[in-house]
Amino acid sequence: MNLKAIYRCLLLLAVICFSESLVSAEKVDASDSRITWVGRASFEYGGSVRFDWTGVYCRIRLTGDTLRIHISDTKRNYYNVYIDRLMSDEPSQVITTQADSTYTFVMRKGKKVHDVVLQKRTEAEQGRTTFISFETDGHFLQAEPYRPIQIEFIGDSYTCGYGIENCDSTDRFTPETENVCKSFASILAHKLNADYTVIAHSGMGVCRNYNSKYPGWTMPRRYRCWFDMDSTIRYYGNSEWRPMTVIMLGGNDFSCGVTPDWKKFRDAYFKLLNQLDDSMVVVCCSKTKDTELSRYVEQVVLECDHPNAYFFACDFDAYTNHREYLGADKHPNEKAHRRLAEQLYGYIKQFFGK
């Protein structure tokens, strides 16, 4: 056989192999029904999925050796990627999303079916992400659906996991050290085997934000927004989502040595509670015991009209005064969040018969 014949055979073989790979490959829109999205995300015309709230995550199940995702971002966000491992474990890797990008993940050998989770670990000020498509050299299967227990967390920087991966309280915050998946909210959800949504923003208060910044743009107003950083598009709930709601707010109202007016605080908290369905169990938390903040929140629960509202005061200051429990900007680190989650779990498990 001469060289030309050999070349033609090799070319034909390459075409056949390429054609077979195209047949076996599958590409789907990010909004494909086999993908499970958890959190406040908008399904856009054309099949993409767009969001900016922290903690939004998707579950993907597939066969094949690779997963390719196409994403765009308005700024720069950080995502945890879990490949064939639990979200309570360390992520397989962390990626940054910016502009228009494609990422390829190689699956672990020896498994026929793979489960992948991607979760936004930074909050909305870092940008809005659009997931465009997923592609594999195998096939997509139906991912795990919503879990029976679903919890919504409403909060501030503590709930966001602000500075949680830093172990030096004198360091300033950087987005790299923020990770909602290590916050008390995520830890509690993992302990209950629950899905969870996070509606939280650093510095947010009930009637007053940290150091009185952005007056009027407090959590009762922000709660009904599809996008954290856009007040023009309203969110009206997910008919499939039946959550318990845990509210951890109020610390910023008392920031910088200011005690907010009781009536303003109460009325603003009522405005937030009035946006929650009466069938929900709502746990209104204070991060401290025996303080003016805890007395305010407890009185709100006593006076409100919500039939399923409960009060719980955490003993958080008992250990966040120690440097070993502090991260960037003197915010609680992962060790502190785990202790907070244990306190909340001891109280909240009663609602689920645990």
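Trainee: Taking this predicted model as it stands, does Phe 254, at 18% relative accessibility, count as buried or exposed?
Mentor: The cut-off that matters here is that buried means under 20% relative accessible area. The relative accessibility of Phe 254 is 18%, so Phe 254 counts as buried.

Trainee: How many aromatic pairs are there, and which kind of pair do Trp 37 and Phe 131 form?
Mentor: By the ring-centre rule, the count comes to 18 aromatic pairs. For Trp 37 and Phe 131, the ring centres are 5.2 Å apart and the angle between the planes is 80°, and the pair is edge-to-face.

Trainee: Why is the pair of Phe 254 and Phe 265 edge-to-face, and in which helix is Phe 265?
Mentor: The ring centres of Phe 254 and Phe 265 lie 6.4 Å apart and their planes meet at 65°, so the pair is edge-to-face. Phe 254 sits in the loop between strand 15 (244-248) and helix 5 (262-273), eleven residues from Phe 265. Phe 265 is buried, with a relative accessible area of 0%, and its place is in helix 5.

Trainee: Which residues do ring pairs link into a cluster?
Mentor: Trp 37 and Phe 131, already described as an edge-to-face pair, both belong to the cluster.

Trainee: Over which rings do Arg 40 and the charged end of Arg 128 lie?
Mentor: Arg 40 is 3.8 Å from the centre of the ring whose face it covers, and that ring belongs to Tyr 235.

Trainee: What is the volume of the largest pocket, and which helices each supply at least two residues of its lining?
Mentor: The largest pocket has a volume of about 1000 Å³. Its lining comprises 35 residues, of which Ser 157, Gly 203, Tyr 210, Asn 252 and His 331 are the closest to the centre. By class, this lining has eleven nonpolar, twelve polar and twelve charged residues. The helices that each supply at least two residues are helix 2 (157-160) and helix 6 (292-303).

Trainee: What is the volume of the second largest pocket, and how many charged residues are in its lining?
Mentor: A volume of about 680 Å³ is found for the second largest pocket. Tyr 235, Asn 238, Ser 239, Glu 240 and Trp 241 are the closest to its centre among the 30 lining residues. Besides 14 nonpolar and ten polar residues, the lining has charged residues numbering six.

Trainee: How many cavities of 30 Å³ or more does the search find, and what is the volume of the largest cavity?
Mentor: A search of the whole structure finds one cavity of 30 Å³ or more. Its lining consists of Asp 156, Tyr 158, Met 248, Leu 249, Gly 250, Gly 251, Lys 287 and Leu 293, which divide into four nonpolar, two polar and two charged residues. The volume of the largest cavity is about 40 Å³.

Trainee: How many disulfides are found, and how far from Cys 285 is the nearest cysteine sulfur?
Mentor: The search of the whole structure finds zero disulfides. Cys 284 is in none, its nearest cysteine sulfur being that of Cys 304 at 6.5 Å, and Cys 284 is buried with a relative accessible area of 0%. Cys 285 is likewise in no disulfide, and the nearest cysteine sulfur, that of Cys 314, lies at a distance of 5.2 Å.

Trainee: Which phi value does Asn 193 have, and which does Ser 212 have?
Mentor: Most residues other than glycine have a negative phi. Asn 193, in the loop between helix 3 (184-191) and strand 12, is not a glycine and yet has a positive phi of about 55°. Ser 212, in the loop between strand 12 and helix 4, is partly exposed at a relative accessible area of 42%. Ser 212 is not a glycine either, and its positive phi is about 65°.

Definitions and conventions
Residues numbered from 1 in each chain as written. Predicted model: local features only at pLDDT ≥ 70, side-chain atom pairs only at ≥ 80, totals over all residues. Heavy atoms only, no water. 1 Å grid on protein atoms, 1.4 Å probe; cavity = no way out; pocket = protein on both sides within 12 Å on 5 of 7 lines; lining within 4 Å. Points joined across faces, edges and corners; volume = space filled by probe spheres on them. Nonpolar A, V, L, I, M, F, W, Y, C, P; charged D, E, K, R; others polar. Helix = DSSP H or I, 4+ residues; strand = E, 2+ residues; numbered from the N terminus. Phe/Tyr/Trp six-rings, centres within 6.5 Å; stacked < 30°, edge-to-face > 60°. Buried < 20%, exposed > 50% of the residue type's maximum accessible area, 1.4 Å probe, protein only. Lys NZ or Arg CZ within 6 Å of the ring centre and 35° of its normal. Disulfide = S-S within 2.5 Å.
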